[in-house]
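Okay everyone, thanks for coming. Let's have a look at today's structure together, and I'll talk you through a few parts of it.

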Amino acid sequence: SSKSTAQALAFYCNNILSKKAAKQEIQLDNALEKIVSVFKDIHSKDIFEGLYGQLLARRLLSGSSASDDMERSFISRWKIESGPKSTNNFGTMMKDIQQTTTENEKFQSSYHAEKLPIKFAAKIITQGVWPYDGKPTMCALTPELSTSLELYRLFYVELHNGKKLNWKLDKSELEIKAKFNNGKQFELIMTTFQ
């Protein structure tokens, strides 16, 4: 069916654009060109767009995209094929991640970061653009994480004249380094809710 073709194409695109694919840029470019040519012929373009958006968001937030240039290249090709309306949000998502990198660098050199009890970085995303609802998600936090969130919030409000942050803790990750009695050390990566 057209729906399953659109879904399969979105997952294939995700595999191509993920770091785990480890393809050369020429191979990526050729694969993306083929995806766009197949995209022209599918009827459920909205299914592809929705799923692609969710997978792009996951790649961007987890840092698992193979190449920002290839992501932009695909979005540009798609824009030519289907018009700017269907790809505007994806370009904004890419800009959000770029801006986040810059703002985290500013935060790390601010006086707020000097008070951090743990290593901390935030990813700021534009509400209404990413495939997540705008409702904040909260859970019981450790004092160290609560302090870090508040310090970042203060930094952000100063930088952006009072803009408000909504924390999406269900989309966040923690990295915990553990050393056990037997001397073994592990790095655990988990969601904040875990």
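So, α3 and α4 are roughly antiparallel to each other, a label used for angles over 145 degrees. Their axes cross at roughly 165 degrees and come within 13 Å; axes are lines fitted to C-alpha atoms over the stretch in contact, with angles from 0 to 180 degrees between N-to-C directions. Helix α3 covers residues 45-62. By helix I mean a DSSP run of H or I with at least four residues, and by strand a run of E with at least two, numbered from the N terminus.

Before I go on: this is a predicted model, where local features need pLDDT of at least 70 and side-chain atom pairs count only at 80 or more, while totals for chains, interfaces and linings use all residues. Residues are numbered from 1 along each chain as its sequence is written, and side-chain values use heavy atoms, without hydrogens and water.

Next, the strands. β1 (173-179) and β2 (185-191) pair in the antiparallel sense over seven bridges; pairing takes at least two DSSP bridges. A178 stands opposite F186 in β2. The two strands form a hairpin with five residues between them, and G183 in that turn has a positive phi of about 90 degrees.

Which helix gives the largest share of the lining of the second largest pocket? That's α5, with six residues. Lining residues have an atom within 4 Å of a point on a 1 Å grid, and a pocket is an open set of points where a 1.4 Å probe fits, with protein on both sides within 12 Å along at least five of seven lines. Among the lining residues are R72, K79 and M94.

Terms used. Parallel < 35°, antiparallel > 145°, perpendicular 65-115°, else oblique.
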